[in-house]
Amino acid sequence: MFHVERMEQRFDIVVIGGGHAGAEAARVAARGGAKVALVTMLREAIGRMSCNPAIGGLAKGNLVKEIDALGGLMGEATDRAGIQFKVLNRSKGPAVQGPRAQCDRDIYAATVLELLEQEPNLTIVESAVTSLLHDGKAVRGALLQDETRLNARAVIVTTGTFLRALMHSGEVKTAGGRFGEPSAETLSDSLRALGLQLGRLKTGTPPRILRDSVDFSKMEEAPGDAVPRPFSIITDRIPLPQVLCHLTYTGTEAHELIRANLHRAPMYSGQIAAAGPRYCPSIEDKVVRFADKERHQVFVEPEGLQHPWLYLNGISTSLPPDVQDGVVRSLAGFEHAVIARYGYAVEYDFVNPEQLEPTLAVRDVDGLYLAGQINGTSGYEEAAAQGLLAGLNALQLVRDREPVILRRDEAYAGVMIDDLVTLGTTEPYRMFTSRAEHRLLLGCDSVYERLSPIAARLGVLDGERKRRVDGRQERVTRARDLSLNTFLTPDRETVVLLDGMELSISEKSSVAKLLQRPDFNLTRFLDTVSLPGLRAAFEALNEEETEAVVSRLRYSGYIERQEREAAKLSQDEAVAIPAGISYALPGLSREMVEKLSFVRPVSLGQASRIPGVTPAAIAILRMHIRRGVRAAS
Amino acid sequence: MSSAAFDTIVAPATPVGRSALAVVRIDGPRTSAIIDTLTGGPSDQRIAVHRYLNHNGELLDDCVVVRYVAPHSFTGNDLAELTLHGNPLLVERVIAAAVELGARIAEPGEFTERAVLNGKLDLVQAESIADLIAARTTLQAKLSLTNLRGALSTKAQGIRESLLFVISRLEAALDFSEEGYDFISRAEARAKIEEAIAACRSISDTWRRGRATTAGLSLVILGRPNAGKSTLLNRLVGSERAIVTPIPGTTRDIVRETIEIGGLPVTIADTAGLRESSDVVEGIGIERAREAAAGADIVLYLIDATSGRTAEDERELATLDEPLLVWTKNDLAPAPGLAISAKTDAGVSELLARLDALVRDQFAVPESSATIVNERQRQAITACEQSLEVALQSLDAGYEEPIVVVDLYRASNALGVLTGAITNDDILTEIFSKFCIGK
Ligand SMILES: Nc1nc2c(ncn2[C@@H]2O[C@H](COP(=O)(O)OP(=O)(O)OP(=O)(O)O)[C@@H](O)[C@H]2O)c(=O)[nH]1
Ligand SMILES: [Mg+2]
């Protein structure tokens, strides 16, 4: 028998992939005290924004805030790299407002790397993983291409779009997950060997344009907010100078050109069979599906302060280069534009996420977690939030503690993960506010209240963050309580005073009550009436905190109602379905039995959300579980 | 193609007792095997065939067998109906044989429940079956049939779809506000919501008629002592139900009897004559008479033609809401209005015609219209209507879309509860407990 000398290293957790999911997973686990290795093919590719140079947006901004409240890094990195900040849906109420920031992509990636390098428990390994090490259904680590064995209790796979990735640009196909980077070919086989079902998805990117080749004076200006609002509670001020974006439109010329060349687009020629996102369609999709629209808007976004490229948000495409040239040059301001990199579509393997537990652990496999685009999601924020939760759960596994599962009424991240593991997905999953049935409870303004205590309990919230979260909470609570407990009586003097502000009261009213009036002007009110305590409480708040107090009071009726409804629904969440249950029960159709056996919901609540599982079926399941519980006791 | 998850059940589908024929139903995967064993060979589906039933070498009965193969049956499973001779002993023996061959006795409503579970019926339709079976008048039966054909469900579903349209547009405007498209204006949303409210109202307006058709009407006979109230009750019922004497104050307790008028069951209440009374028992009777009148669908106020309209009559009439005035003892004295004589029977058929028309006009359901017939349905449609009104108020008060849609979702869920698209098991249990075994 001969002995082969092999390199071996021991970690608690190995994270495969240095994208947004991998970075969050590795950092949070390391902060919690686990010894973590992050394996990436390219050190500089850590934190890379492979698509648009922006973080946040509708619903996605909420995810970034949640990540921040849970001690993640995305908010902080965005604040340091942001060059245009804007709160979207400002007029639509706090529940659906989404902060968004245009970023300098190089500074963003460098910041993420820097943040990871600061973690003493985290080792960055520059290599490729060829396969997972496992004993039957227990994962033991990862094998690198140089034969090094990284042994670990848990492995988190965050390989994004790199599994058997194929890039399409017109008729040309290239293997690879991102321009200039190789695809991970063999890891797919490892996952299949563990019994996982894989599916195929596609996503696309728009062309990048040389900034010096366009004429901005022919486009509309798209400025950000005058006062940028940071994502992270750790940020005091936004360091980078703020820039303009621009807006231009496609028109008949572009649409006709696209129509004439549809047969050359891989999605239409049949070259790509995988499903792409319906809601983030390529320009060829838009032209076909919204044939009556005369124009589609295109945001022209800088890729960075110094970066020579522009990103054309709104026309992702995989049409051949000659068509892209024509489409781009038809845009106002782009008559002489030079395309620096043509848009392309990527086709890749993903794991049907119904095979995961709500912890993002692969069911029936010990110690294996998946996070990010590999689970069928799209977007940096969706990936990062999963990475954070997978990191936390791997950390808990290593420490032999309870898993972390966020409820649907607790976080958008909770909604997303529950959706993924319950419904699966047939197109890249993107977060929307409408996916959350208790949306009013999930506004950015309540994120620290909801989630930071969880992070503190898990020991992943550093001292400074905790101090800031507590301080914010104290200020906000003080202003809220004073508003509720300060009353005005309709005496002569008060009535005259209020009349000057076109306000009237007919009975004793709290300030909170006045705040509920849509036309109430708080600043003017505090300036007019003499309520020094209340005034001081509000003066201690920043703009975001003031909005948080006002909206919480203004919508209290609705918020409390949703809280009650959520509590009622959560009764079913608490009814656990025994792990080994057989679904072949009288009254359940074969389709339902199959669906339930594939998803294997952990609770009755989760089961009720599986498509095709009827209320009658839930009634049958409930009866069966009750009987089982009675029989056992 | 049958759902293997069901077991096989058997039950009589007709009432137990002697009759010309009795039907036994078998449902579930073992149906064919049981029938084949009993008849001694395979039989065709959906064709009524005459067969002898034998079990353990003994002849049970000769009968007509109809087999339905899943999913083309009432329940969606394999199903058979055996039409036996109507002797309870025979029925019992056939059922015992089926049980020996692997079936079990069905729970009440289990056949219909299976139809719902297999998506063959929705909840409103299942309820209609229970109602159809329980129907005591032709109108009731017609109404149940209308809802069984899906009239109410279709209408509710239509409202729900138009609400989902508004919700999806409002949601798109929230989640895609940056895309530069117009999804729906507030005015457009407002109009759609108002439309839905009107549609809900038109359904909830059917409640009075729907309830009257299923639960029946109450008619109270009121009048001074000796006006002839008990005499009229007896005449309408066709038997000496109440005591009649020339002594004023004969009737004390309310006497009730149900007859059919205008296609609906109408419960007639004969009451104590109204007057000032120092008699404690009579006093209580008079109080009950007034209470009954207050809750009645129809009030007949009788006036004795021989004594005419007295001051007391005027006082009583002033407290009543649209009573029907009827003059009695028309054989003894002339009368200015609708008048009857119990002696000669004059005017009685006119009175009946009046009542018939009244019931048909005000209470009977127009044929083939979507109608709510029970409290569960009424609550669902009212909940929908109320949520829509709140949504409209928040829209008008200038609240943002995320707030407005909260109540639109509630409204749409309420409609889902109506048809059973959304439900909880308490509702299911309640509905199916109303069935008799075998349905
Ligand atoms: N001739 C004649 N006698 C009638 C007629 N209707 C009732 N009577 C008589 O009037 C008397 C009273 O009739 P009831 O029916 O008992 O009167 P009531 O209104 O029930 O009286 P109370 O129960 O005492 O309130 C009886 O003797 C009846 O026979 C009628 O149409 N013609
Ligand atoms: Mg009487």
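The model is predicted: local features need pLDDT of at least 70, side-chain atom pairs count only at pLDDT 80 or more, and totals for chains, interfaces and linings use all residues. Residues are numbered from 1 along each chain as its sequence is written, chains are lettered from A in the order in which they are written, and side-chain values use heavy atoms, leaving out hydrogens and water.

**Extent of the interface**
- On chain B, 34 residues are in contact with 39 residues of chain A (contact: heavy atoms within 4.5 Å).
- About 3100 Å² is buried between the two chains, 53% of it from carbon and sulfur atoms (buried area: the accessible area, 1.4 Å probe, that two parts lose on being put together, summed over both).
- Asp175(B), Glu178(B) and Tyr181(B) supply 20% of the area that chain B buries against chain A, more than any other three residues.

**Charged pairs**
- The rule finds 4 salt bridges across the interface (a side-chain nitrogen of Lys or Arg within 4 Å of a carboxyl oxygen of Asp or Glu).
- Glu400(B) forms a salt bridge with Arg554(A), with the closest N and O atoms 3.6 Å apart.

**Thr206(B)**
- Thr206(B) counts as buried because its relative accessibility is 13% (buried: under 20% relative accessible area, 1.4 Å probe, protein chains only).
- Not counting residues up to four places away in sequence, Thr206(B) touches Ala370(B), Thr371(B) and Ile372(B).
- The side chain of Thr206(B) reaches the backbone nitrogen of Ile372(B) at 3.1 Å.

Methods. Buried < 20%, exposed > 50% of the residue type's maximum accessible area, 1.4 Å probe, protein only. Polar contact = N/O pair within 3.5 Å; in protein donor to acceptor, adjacent residues only side chain to side chain.
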